[in-house]
Amino acid sequence: MHERTLSIIKPDAIGKNHIGDILSRFEKAGLKIVAAKMIHLSTEQAQGFYAVHKERPFFKDLVTFMTTGPVLITVLEGHNAIAKNREVMGATDPKKAAPGTIRADFAHNIDENAVHGSDSAENAEIEISYFFKPVEIWKRTR
Amino acid sequence: MKQFVLTFLIALFTVGTAAHAEQTLSIIKPDAVEANHIGEIVARFEKGGLKIAAMKMTKLSQQQAQDFYAEHKERPFFADLVTFMTSGPCVVMVLDGKDAIAQNRQLMGATDYKKAEPCTIRADFACSHTKNAVHGSDSPVSAKREIAFFFTPNEIFAR
């Protein structure tokens, strides 16, 4: 199934200059980058993005972490992009992430875990439109 | 007098250091985007000590490409260059670091990929003289103009 998913390279991975390494993992896995922008999330943007977690005990720390530095937001496109991206990222907890995954190689811990990826087709659509206007998403014919 | 000399030396050192901290504009061109080399090229910059201070994917309009390359408008390759640069999306970035302009040019390699040093971006990823994977500013004056061409100050981040 041809899909799109939202990916965020988080402030910890940006701080360690792993943008290129992480984007390479996506591209080598057959995911094409069809939109990209670097931004520094405001507290409101981070709270809005993670609204689904707002009752969870980690919410405040997550919002604080996500606003500590710039992030790189991308839209990835490809066959089964949502599942493929999750496979390439590895488990949320880097200690449980399979060897060779992004989180196994670049994440500090479960809170500063290098990347975010949409977890369902419904959320991918919501998350993509949270950050990108349709004109900011490019057609990749090759 | 001793105090004066010390102050003078500190001032000299500060100015000297500040002169090396630069920003430059980099474009990953449509050929390299199509070939899915974005990550590999960005990794060359990061491993070369340059930090990504701004980034966005965009597709140049005809007008934007003509304006960006205005200094080449009388050159025979101008029309082909504009056509190529508008053939697909590209990734524009501000690279930040010590001697960023020269460092970026070193990492890119010669404009003609056949003359590019081994292991440079162009030696490894360029397909032809026009489809040469990357653009980089060639002087502090161009860097300033080119960065402002694509980014507003609030799109460029302190690293």
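A salt bridge here is a side-chain nitrogen of Lys or Arg within 4 Å of a carboxyl oxygen of Asp or Glu. The model is predicted: local features need pLDDT of at least 70, side-chain atom pairs count only at pLDDT 80 or more, and totals for chains, interfaces and linings use all residues. Residues are numbered from 1 along each chain as its sequence is written, chains are lettered from A and ligands numbered from 1 in the order in which they are written, and side-chain values use heavy atoms, with hydrogens and water left out.

**Stop 1: salt bridges in chain A**

Select Arg25(A) and Asp105(A). Their side chains form a salt bridge, 2.8 Å from N to O. Arg25(A) sits in helix H2 (residues 19-28) of chain A and Asp105(A) in helix H6 (residues 102-106) of chain A, so the pair ties together parts 80 residues apart in sequence. Helices (H or I, at least four residues) and strands (E, at least two) are DSSP runs, numbered from the N terminus. Arg25(A), at 25%, is partly exposed, and so is Asp105(A), at 39%.

Next, select Glu136(A) and Lys37(A). The closest N and O atoms of this salt bridge are 3.2 Å apart. Glu136(A) lies in the segment after helix H7 (121-131) of chain A and Lys37(A) in strand E2 of chain A, so parts 99 residues apart in sequence are tied together. Glu136(A) is partly exposed at 23% relative accessible area, whereas Lys37(A) counts as buried at 18%.

Now move to Glu87(A) and Lys84(A), whose side chains meet in a salt bridge at 4.0 Å, N to O. Both residues belong to helix H5 (residues 81-89) of chain A and are three residues apart, about one turn of the helix. Glu87(A) is exposed, with a relative accessible area of 54%; Lys84(A) is partly exposed at 27%. Over all chains the count is nine salt bridges.

**Stop 2: the nonpolar cores**

A nonpolar core is a set of buried Ala, Val, Leu, Ile, Met, Phe, Trp, Tyr and Cys residues joined through side-chain atoms within 4.5 Å. Select Ile19(A), Ile28(B) and Met55(B): these have the most contacts inside the largest core, which has 65 residues. Strand E2 (residues 32-39) of chain A gives the most to this core, six residues.

Centre the view on Ile19(A). Contact means heavy atoms within 4.5 Å. Not counting residues up to four places away in sequence, Ile19(A) touches Ile9(A), Ala13(A), Ile14(A), Met38(A) and Leu72(A) in chain A, and Val42(B), Glu46(B), Ile52(B) and Met55(B) in chain B.

**Stop 3**

Show both chains. Which residues of chain B lose the most area to chain A? The two chains bury about 2000 Å² between them, 57% of it on carbon and sulfur atoms; buried area is the accessible area (1.4 Å probe) that two parts lose on being put together, summed over both. In chain B, Met55(B), Met57(B) and Phe157(B) lose the most, together 28% of what that side buries. The contact takes 24 residues from chain B and 26 residues from chain A.

Select Glu40(B) and Lys28(A) next; their side chains meet in a salt bridge of 3.1 Å, N to O. Two salt bridges are counted between chain B and chain A. On the chain B side, the elements giving two or more residues are helix H2 (30-34), helix H3 (38-47) and strand E2 (51-58). E2(B) gives the most, eight residues. By class, this side of chain B has twelve nonpolar, four polar and eight charged residues, where Ala, Val, Leu, Ile, Met, Phe, Trp, Tyr, Cys and Pro count as nonpolar, Asp, Glu, Lys and Arg as charged, and the others, Gly among them, as polar.

**Stop 4: Thr120(B) and chain B as a whole**

Select Thr120(B), in the loop between helix H6 (100-108) and helix H7 (121-125) of chain B. Is Thr120(B) buried or exposed? Thr120(B) is buried, at 7% relative accessible area. Leaving aside neighbours within four places in sequence, Thr120(B) contacts Arg44(B), Gln106(B), Leu107(B), Met108(B) and Gly109(B).

Finally, colour chain B by secondary structure. Chain B has eight helices and four strands, in the order α-β-α-α-β-α-α-β-α-α-β-α along the sequence. Of its 159 residues, 45% count as buried.

Terms used:
Buried means under 20% relative accessible area, exposed over 50%, partly exposed in between (1.4 Å probe, protein chains only).
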